[in-house]
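I am opening a notebook on this structure. My entries follow in the order I looked things up.

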Amino acid sequence: MSSNLDQLYRQVIMDHYKNPRNKGILEDGALTINMNNPTCGDRIQLTLKVEDGKIESAKFDGEGCSISLASASMMTQAVKGLAVEDAVKLAKIFYDMMLGNDYDDESYDLGDIEALQGVSKFPARIKCATLAWKAMEQGVGKQEEE
Amino acid sequence: MSAKEWRKLFPILDQEVNGKPLVYLDSAATSQKPIQVIETLEKYYKEYNSNVHRGVHTLGTRATDGYEGAREKVRRFIGAKSTQEIIFTRGTTTAINTVARSYGMANLAEGDEIVITPMEHHSNIIPWQQVAKTTGATLKYIPLQPDGTIDLSDVEKTVTEHTKIVSVMQVSNVLGTINPIKEIAAIAHKNGAVMMVDGAQSAPHLKVDVQDLDCDFFAFSAHKMCGPTGIGVLYGKKALLNKMEPVEFGGEMIDFVGLQESTWKELPWKFEGGTPIIAGAIGLGAAIDFLEDIGLDNILKLEHELAGYAMERLNELDGVTIFGPKERAGLVTFNLDDVHPHDVATVLDSEGIAVRAGHHCAQPLMKWLDVSATARASFYLYNTKDDIDTFVKGLRTAKEYFGHVF
């Protein structure tokens with residue numbers, strides 16, 4: 001088995017895939033974002049509770065491959081408790097990581113997210129990993145418009 | 001010549017991907033191109049690239065002869081009566097859209113019905129949804145049998161005297177089902193409807209005879225049958241095409257242009273606005289020569305063997321679900337328990353094996369199958385049983401890999 005593949009499917013990713021954190025739907029006036037990846041059929045429903053410019057809580061539901069679901073699980077963990085602007089900054093850092101660019105690993109605690117670094121070697125899978133982050137960005141964008 | 005020798009005619013297959021010999025099992029998405037087609041395109045651009053139907057010069061004549069010669073090859077290939085019935089399009093999608101926009105919009109109204117099936121590719125669903133929305137017609141679906149086939153009694157029940165268009169794929173790109181087009185066309189005609197056939201997955205693999213099928217429209221793409229991308233064909237019965245308006249207007253398709261009014265060229269050119277897909281058509285002609293040289297019967301026989309062998313080998317693995325009927329065209333769509341199809345495809349790719357994973361442009365069918373995505377291995381004349389052995393070995397690796405990390 002190639003080491004690239006081992007880099008893609010890190011243990012911590014498989015753990016998030018099998019035991020997703022924050023799986024489910026937030027009720028009571030939470031922001032709901034439905035997003036899919038039209039090329040492959042992955043689908044995510046993200047619910048966010050934003051209060052005073054801060055993401056109080058985030059949950060996701062959906063269907064997809066190991067990478068997209070693990071990434072969604074990690075994203076909900078990472079943005080919980082962050083100010084909206086910090087969550088958006090974190091998304092940018094994540095996209096840099098996906099594109100194989102140098103990324104800022106000091107401003108925020110990236111935690112498990114860094115395990116997804118290997119995805120950058122698999123261009124066909126980058127969209128799987130970014131789906132949940134795009135949904136989060138859309139959600140907080142919608143919040144700001146309101 | 002055997003399949004092993006056919007394979008040598010495809011230069012792209014002679015390479016390593018991720019350090020392993022390439023095993024290409026994605027021909028239902030697009031086929032690879034034999035050296036004959038590649039050299040024909042090269043020769044066109046090197047020796048006689050020119051616009052058609054307008055230049056007086058020698059190159060223009062050669063290009064026109066090549067382009068119109070390809071039309072005659074297509075006519076023969078699908079058994080049409082006349083080259084006037086052969087329209088070059090960008091592909092199957094454009095061909096179906098042309099019929100929907102020209103015939104559909106002009107001939108349908110509220111109370112009329114369009115009948116299709118849930119196994120259709122998006123390109124044979126959405127154009128009809130648009131016609132239904134605009135005209136007020138109803139879009140109806142022939143139900144499928146549990147094994148993904150069509151029962152003619154269901155066609156009889158679904159198609160009524162209000163049905164104006166029936167449009168069905170000849171071969172399913174997901175299930176591999178080979179649909180009884182001739183019988184469905186007869187039912188359509190009995191009810192006064194026209195019959196459109198999506199031939200994208202059939203024309204590359206089995207002998208098509210549009211007169212025998214008695215379909216009114218037939219669409220297919222060159223790139224799935226050893227030809228270049230960007231070119232396809234719309235066949236239509238002359239009597240119908242004559243009554244239809246073009247959908248694209250501009251150069252090449254006109255007879256006379258005035259300040260307020262214009263008239264169209266005769267068939268087939270009235271449907272070919274703009275500089276046509278000259279190199280593409282000539283490349284398609286070369287692909288037809290190639291396929292006829294090998295013989296579609298031989299291709300079908302090989303694919304039948306490969307599909308049977310693949311199903312047999314897949315059934316050796318635990319936790320494999322195969323979708324579609326036992327009797328099928330040369331493809332196998334499947335899922336592995338506990339491994340998402342994208343992950344299957346990524347592991348296979350790391351072993352040099354190219355398969356498709358996703359919804360295969362058939363979301364309604366995925367819903368019918370109750371899955372969000374599937375993996376598909378599809379075969380063509382350059383594939384061998386060795387490829388399938390490598391593929392099954394790759395699936396074992398995927399299973400072990402995911403079994404191990406969990």
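**Entry 1**

I began with the contacts of Val233(B). Leaving out residues up to four places away in sequence, I find that Val233(B) touches Val74(B), Ile86(B), Ile87(B), Phe88(B), Thr89(B), Ala95(B), Ala219(B) and Phe220(B). I note here that the model is predicted.

Next I looked up the largest nonpolar core, which has 165 residues. Val233(B) is among the residues that touch the most other members. Ala132(A), Met136(A), Met195(B), Cys215(B) and Ala287(B) are listed with Val233(B). Which element gives this core its largest share? Helix 10 of chain B does, with 10 residues. I also checked the domains of chain B. The core draws at least three residues from domain 1 (3-26 + 295-405) and at least three from domain 2 (50-293). As background, I jot down that nonpolar side chains tend to be buried together in soluble globular proteins.

**Entry 2: Helix 10 of chain B**

I turned to helix 10 of chain B, residues 278-294. Its 17 residues, at 1.5 Å a residue, should span 24 Å. Is helix 10 of chain B enclosed or open? I count 13 of its 17 residues as buried, so helix 10 is largely enclosed by the rest of the structure. Just after helix 10 comes Gly295(B), with a positive phi of about 100 degrees.

**Entry 3: Strand 7 of chain B**

I then followed strand 7 of chain B, residues 163-169. Seven of its seven residues are buried, so the rest of the structure largely encloses this strand. I looked for its partners. Strand 5 (residues 113-116) of chain B runs parallel to strand 7, and three bridges join them. Within this pairing I looked up Glu113(B), whose bridge partner in strand 7 is Thr163(B). Strand 8 (residues 194-198) of chain B also runs parallel to strand 7, joined by five bridges. There I find Ser167(B) opposite Met196(B) of strand 8.

**Entry 4: Where chain B touches chain A**

Last, I went to the contact between the chains. How many residues of chain B are in contact with chain A? I find 17, and they contact 19 residues of chain A. Helix 12 (341-350), strand 16 (356-358) and helix 14 (385-405) of chain B each give two or more residues to this side. Helix 12 of chain B gives the most, with five residues. I sorted the residues of this side of chain B by type: seven are nonpolar, nine polar and one charged.

Key
Residues are numbered from 1 along each chain as its sequence is written. Chains are lettered from A and ligands numbered from 1 in the order in which they are written. This is a predicted model: local features need pLDDT of at least 70, side-chain atom pairs count only at pLDDT 80 or more; totals for chains, interfaces and linings use all residues. Two residues are in contact if their C-beta atoms, placed from the backbone, lie within 7 Å. Helices (H or I, at least four residues) and strands (E, at least two) are DSSP runs, numbered from the N terminus. Ala, Val, Leu, Ile, Met, Phe, Trp, Tyr, Cys and Pro count as nonpolar, Asp, Glu, Lys and Arg as charged, and the others, Gly among them, as polar. The expected span of a helix is 1.5 Å times one less than its number of residues. A residue is buried if 20 or more other C-beta atoms lie within 10 Å of its own, exposed if 12 or fewer, and partly exposed in between; C-beta atoms are placed from the backbone. A nonpolar core is a set of buried Ala, Val, Leu, Ile, Met, Phe, Trp, Tyr and Cys residues joined through C-beta atoms within 7 Å. Domain bounds come from an automatic or database domain assignment. Two strands pair if DSSP finds at least two bridges between them.
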